[in-house]
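Let's walk through this protein model together, one question at a time. Keep the viewer open as we go.

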Amino acid sequence: MKLMTGEEYIESIRRMRIEVYMMGKKIDNPVDDPILRPSLNSVRMTYDLAQKAEYEDLMTACDPDTGEKINRFNHIHRSTEDLVKKVKMQRLLGQKTASCFQRCVGMDAFNAIYSTAYETDKKYGTRYFENFKTFLRYVQENDLVVDGAMTDPKGDRSLSPHEQADPDLYLRVVERRPDGIVVRGAKAHQTGILNSHEVCIMPTVAMGPEDKDYAVSFAVPVDTKGIFLIIGRQSCDTRKLEGGTIDVGNAEFGGVEALVVFEDVFVPNERIFLNGETEFAGMLVERFAGYHRQSYGGCKVGVGDVLIGAAAVAAEYNGCAKASHIKDKLIEMTHLNETLYSCGIACSCEGNKTESGNYIINLLLANVCKQNVTRFPYEIVRLAEDIAGGILVTAPSEKDLRDPVLGKVVEKYLKGVASVSTEDRLRILRLIENLALGSAAVGYRTESMHGAGSPQAQRIMIARQGNMAAKKELAKTLAGIKDRKNS
Ligand code: SF4
Ligand code: FE
């Protein structure tokens with residue numbers, strides 16, 4: 001199997017015919033669009049790093065079924081070591097891009113579907129596991145990017161899928177044919193789908209028997225007839241149209257999300273991984289969410305590394321790097337960031353083998369990881385803003401800096417320490433702004449809150465997995481409380 005180079009990947013996306021809209025217009029060439037291109041560059045990094053000998057161990061893996069070298073993003077985890085390497089790979093990519101590199105959702109979907117399809121087949125005699133393995137082999141052989149799509153629009157949150165006033169608010173099967181199914185609905189907040197070759201659909205909630213039509217999982221190419229994307233806005237996204245490199249903060253990399261609509265899309269039988277077996281919907285959701293909550297203990301930490309470094313540089317440029325409170329704030333940021341990493345590593349080390357043979361993280365620890373991610377990046381950003389100073393949000397534009405008259409004024413009055421150019425000072429401040437408030441804040445802040453499930457979703461899992469009964473027994477034993485029915 002051949003690993004694609006970054007350039008080959010870009011060209012492979014260029015050949016696709018994805019129907020995409022942004023700001024009310026159809027985008028015919030998303031690959032070269034200035035607002036969208038940075039997100040493609042981020043995914044490209046998953047290919048570029050896989051070509052480098054120094055990163056081979058993290059970025060690639062050997063598939064035991066074929067003996068072939070594949071990109072780790074297309075790997076089924078076969079050990080706790082694989083789970084650990086996944087987190088390290090994500091931290092590395094966060095460091096290199098300071099953004100969401102998008103390819104993890106497919107990897108997390110693969111591993112969740114792999115074990116769930118196996119167990120569904122065991123109960124129902126279906127052939128979803130074989131279907132999935134054939135699909136995965138195709139993905140590995142062609143080194144593709146696959147978007148893992150879970151989140152339905154959900155309409156009235158108090159109602160189950162079949163109770164919604166509009167039945168399309170959860171993606172569903174609208175027709176069953178001898179050769180496949182026809183589906184309708186949408187998936188919201190889809191990270192990276194624009195830069196993906198295929199999309200892998202999963203249900204978004206546990207379901208009862210009446211939700212049969214909604215318990216569906218499958219994969220299709222993103223440019224399949226009937227699928228179209230509406231790109232989500234990011235804060236400051238139109239700065240990318242201004243032509244400079246300073247005000248965008250991170251000129252090369254970014255993320256992208258979209259609302260993806262399925263208008264009566266045909267899915268052939270061999271691409272179906274779940275179709276009506278409602279009791280397995282919850283298992284699939286729980287496992288995917290668990291893997292993606294582990295992921296955040298890698299990617300957000302890598303981005304955090306960049307932000308901490310940027311804050312330290314800003315302090316130097318301001319001439320206050322030696323102040324004890326600045327040093328202490330940088331220590332606190334590091335402590336918080338490494339705590340997230342510790343959670344990502346811990347839930348990987350404590351993983352276990354599923355019936356299908358792949359490895360799953362420790363679900364309790366993965367949920368603790370993500371719960372911390374809903375908080376710590378906010379504190380890290382707060383401290384970065386504290387260190388950077390108000391100039392973070394009041395600095396004049398790059399155009400002012402470049403202006404023959406105003407430029408001299410900006411140069412003179414926005415100077416920090418004499419040895420550093422005003423331009424470099426502005427560059428580091430804009431990078432912090434990008435991560436704290438700009439387009440990267442989608443991935444570093446709000447996605448830290450809601451991506452892979454909102455905080456309450458983790459608390460439900462923590463309650464379920466926390467084994468309170470055992471803890472109570474420990475306490476009763478030590479307190480000398482014996483066998484009384486007074487718990
Ligand atoms: Fe990967 Fe993180 Fe983006 Fe999810 S949020 S796709 S884990 S980089
Ligand atoms: Fe995410």
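A quick note before the domains: their bounds come from an automatic or database domain assignment. This is a predicted model, where local features need pLDDT of at least 70, side-chain atom pairs count only at pLDDT 80 or more, and totals for chains, interfaces and linings use all residues. Residues are numbered from 1 along each chain as written, chains are lettered from A and ligands numbered from 1 in written order, and side-chain values use heavy atoms, without hydrogens and water.

Q: How far apart do the C-alpha centres of domain 1 and domain 2 lie?
A: The chain splits into domain 1 (7-280) and domain 2 (283-468). Their C-alpha centres are separated by 24 Å.

Q: Which protein residues are the donors of the iron ion (ligand 2)?
A: Donors are N, O and S atoms within 2.8 Å of the metal (3.2 Å for Na, K and Ca), and water is not among the atoms, so sites may look incomplete. Along the chain, the spacing reads H-x3-Y-x150-E. At 2.3 to 2.7 Å from the iron ion, the donors are His 292 (NE2), Tyr 296 (OH) and Glu 447 (OE).

Q: Are His 292 and Tyr 296 buried or exposed?
A: Buried means under 20% relative accessible area, exposed over 50%, and partly exposed in between (1.4 Å probe, protein chains only). His 292 comes in at 9%, and Tyr 296 at 2%. So both count as buried.

Q: Where does ligand 1 lie relative to domain 1 and domain 2?
A: Its shell (residues with a heavy atom within 4 Å of it) includes Cys 100, Phe 101, His 292 and Glu 447. Both domains give residues to that shell, so ligand 1 lies between them.

Q: Which helix gives the largest share of the shell around ligand 1?
A: Helices are DSSP runs (H or I, at least four residues), numbered from the N terminus. With 5 residues, the largest share comes from α7.

Methods: Helix = DSSP H or I, 4+ residues; strand = E, 2+ residues; numbered from the N terminus.
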